[in-house]
Amino acid sequence: MKKMANILVVDDDPDIGTMLKMMLEYKGYAVTLLSNAGKTEQQLSNQATDLVILDMLIAGTNGTDVCRSIRGNPLSADVPVLMISALPDARKVCIDAGANDFISKPFEMKELLSRITHLLTRAESIS
Amino acid sequence: MTADLKILVLEDNQNDADLLHRELTKSGLSFIAEVVNTREAFEHSLENFTPDIILSDYSLPGFDAVTAFRIKQNKLPDIPFIIVSGIIGEENAVELIKDGVTDYTPKNKLFTLSQKINRALKDTEERKEKIITAEKLKLQAAALIIANNELLFQNEENEKRAVELSITHKRLQQAGEQLQLQEVIKLSEKNFRQLADLMPQIVWTATPGGVIDYYNRQWFEYTGFEEGHSNQNWIAILHADDMEQWQKMFNDSIKTGNTYQTEFRLQDHKNSGIYRWFLCRALPVKDSEANITRWIGTCTDINDAKRKQEELQQTEQRRADFIKMVSHELKTPVTSIKGYVQLLLMILEEEQERYNPSEIKNSLSRINYQVSRLTRLITEMLDVSRIETGQLELQNTLFSLNDLVTETVEDIRHTNAKHTITIQHDINCTVKGDRDRIEQVVINFVANAIKYSPDNTRIEVRIQHGGAGKNQVAVSVKDEGIGIDSKEHKKIFERFYRVREENEQTYPGFGIGLFIAKEIIERHSGIITVESEEGKGSTFTFTLPLATEKNI
């Protein structure tokens, strides 16, 4: 079951989004990529999602607002959110917005994967 | 030497007269005597001989001592009168002495006569002296009284005069002080006004209650108000937005007597509708008892300084934003490259039998693209640095502008399948300049059009006549994207300017592309412009001088 977790990646940079999608799929996750944050809510209600990887700066919306709306929606309030950003000192802003974890760009793939595993395991144990 | 005593002898008997003479000589008396025996001779002698003493027989033929005494009393009242006679008797003698006769000597006792003469003379002398002394005393007393009166009068007069003088003095002093004070005030006021007029600031004074009673020249120059028109209230030219703050400050200061300092905008009468920023300071002038007697204030035009400060703050803010953005922009491709490289390594290392050639190819092409993106960012930064230090060098070759635009758009089409980019060639021309730099501008325009029209896909590029005349060519890139507010039109060509929307939404890039484009075009004697409306897309245009033109 663990390998089949659904991960939603929200990043407006197509290269990074694609890279994350390829990488996570390679590791056995089912990945949905959104380059437009506006569809996040819709996607979360359409499909059972185990984890959201959310970029902090997305054209059209601020990633922290997206995170807040995820937290504010009863359907998605418990979904773990991992936020990423290349901005300096962004960690606090993201955690304050409700993110479960934060990782800054550029990141080590191994570290990202280990955090994803950690977040999924914890969410599973709670539920 | 004392003069001899003059004795008048009234005696009809010569023997008696001789006897008397002998007796007086015998007594040692130094005298001259005149002997008369008639009334006429007696009277004559009184006037001419002027005796010191008279010796008279009591009874004479046709004359007598009593009558003689009366005559003498009339003429020489102070002269002693002694009767020398043998027959009058003691009683008569006493009677005569009562009447005023000095003395009486019987003829048989003539030896006493000199004694009596001396006593009479002495008495007379004493009496005279007494009288003189009394007279003198009287005179002195009178003099003293007069003197005293005079003194009293003088004293009174002096007192009066002193009072008058002191009043006059006081008045003079007051007048003097008043005059001096007025002079001083006048002079001080004059000095103050001269000084105030010399100052570049607006200077004013106000009553303790805050009513303005003086403005210097600069005020009237700035406001266009006329001196003496009290109905021209300065509040009328105070910017409405600054009213509240000023009012609060003013009321506080009037209440507390504290110096106040505030900034506000005042309308410039020379440029109607234009408000300029002023720094207004007011100082209370206090008397010795710390009561406010006047307010002195200045208004300094700080508009230019404020603008500069704002600009500086904006530039500083943009620089800070720029550094933040540089960090972000550089990290993003690095993240991508790093991710793909690690993915490739993972694929190659872990599951060699599961190679997917298309995945590997795609990853490598992404790496290639991101490396180009990094290179461009680094180049842009270098360009800005060159422009800032005046070291941007340009080539000067002749080339076809149409070919350049076509090739550039073709390259962009390869990497951006989403947008439809059309090119309209109204003219066919060559220009002279740096081909790579002009290409950079075209890339910038088209890339911006793509970047800022995420929801609309149509982009039109057009080459046509433009600018001031036929010898100019204009290249415009039109999109239907988010557009730019007209207030921002100038700013977008400034360094580090970035389109910023609410919620900190930003678009990738350093915010230096248009700055560099403007520099490049202007270095080619062209101009760069924008037409845009928020929400309705933008058209960016650059012009260049035509080198040659072919008909199409």
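Because the model is predicted, local features need pLDDT of at least 70 and side-chain atom pairs count only at pLDDT 80 or more, while totals for chains, interfaces and linings use all residues; side-chain values use heavy atoms, with hydrogens and water left out.

**Exercise 1. Describe where chain A and chain B touch.**

Step 1: count the residues. Taking contact as heavy atoms within 4.5 Å, you get 24 residues of chain A against 27 residues of chain B.

Step 2: look at the area. Buried area is the accessible area (1.4 Å probe) that two parts lose on being put together, summed over both. Here that comes to about 2500 Å², with carbon and sulfur atoms giving 61%. A:Asp15, A:Met22 and A:Tyr26 supply 29% of what chain A buries against chain B, more than any other three residues.

Step 3: check the pairs. A polar contact is a pair of N or O atoms within 3.5 Å; within protein, one must be able to donate a hydrogen and the other to accept it, and residues adjacent in sequence count only if both atoms are side-chain atoms. Five residue pairs between chain A and chain B are in polar contact, both residues being at pLDDT 80 or more.

Step 4: find the elements. Helices (H or I, at least four residues) and strands (E, at least two) are DSSP runs, numbered from the N terminus. On the side of chain A that touches chain B, α1 (14-26), β4 (57-58) and β5 (61-62) of chain A each give two or more residues. The biggest giver is α1(A), with seven residues.

Step 5: sort by type. Ala, Val, Leu, Ile, Met, Phe, Trp, Tyr, Cys and Pro count as nonpolar, Asp, Glu, Lys and Arg as charged, and the others, Gly among them, as polar. That side of chain A then splits into 14 nonpolar, four polar and six charged residues.

**Exercise 2. Track down salt bridges in the structure.**

Step 1: set the rule. Side chains of opposite charge can pair when their charged atoms come close. A salt bridge needs a side-chain nitrogen of Lys or Arg within 4 Å of a carboxyl oxygen of Asp or Glu. Over all chains, the structure holds 31 of them.

Step 2: go across the interface. The rule finds one salt bridge between chain A and chain B: A:Glu108 meets B:Lys338, at 3.0 Å from N to O.

Step 3: stay inside chain B. B:Lys107 pairs with B:Asp16, their closest N and O atoms being 2.5 Å apart. This pair links distant parts of the chain, 91 residues apart: B:Lys107 sits in the loop between β7 (103-106) and α5 (113-198), and B:Asp16 in helix α1 (residues 14-26) of chain B.

Step 4: compare with pairs inside a helix. B:Glu410 and B:Arg413 have closest N and O atoms 3.1 Å apart; both lie in helix α10 of chain B, three residues apart, about one turn of the helix. B:Lys518 and B:Glu522 form a salt bridge at 3.3 Å, N to O. Those two are separated by about one helical turn, because they are four residues apart in helix α12 (residues 513-523) of chain B.

Step 5: look for a network. In chain A, salt bridges link A:Arg91, A:Asp101, A:Glu111 and A:Arg115.

**Exercise 3. Is B:Glu43 buried, partly exposed or exposed, and what does it touch?**

Step 1: B:Glu43 is in helix α2 (residues 39-48) of chain B.

Step 2: apply the cut-offs. Buried means under 20% relative accessible area, exposed over 50%, and partly exposed in between (1.4 Å probe, protein chains only). B:Glu43 has 24%, so B:Glu43 is partly exposed.

Step 3: list the partners. Leaving aside neighbours within four places in sequence, B:Glu43 is in contact with B:Ile71 and B:Lys75.

**Exercise 4. Sum up chain B as a whole.**

Step 1: chain B has 12 helices and 20 strands.

Step 2: of its 552 residues, 38% are buried.

Step 3: among contacts in chain B with a separation of 6 or more, 63% join residues 24 or more positions apart.

Definitions and conventions
Residues numbered from 1 in each chain as written. Chains lettered and ligands numbered in written order.
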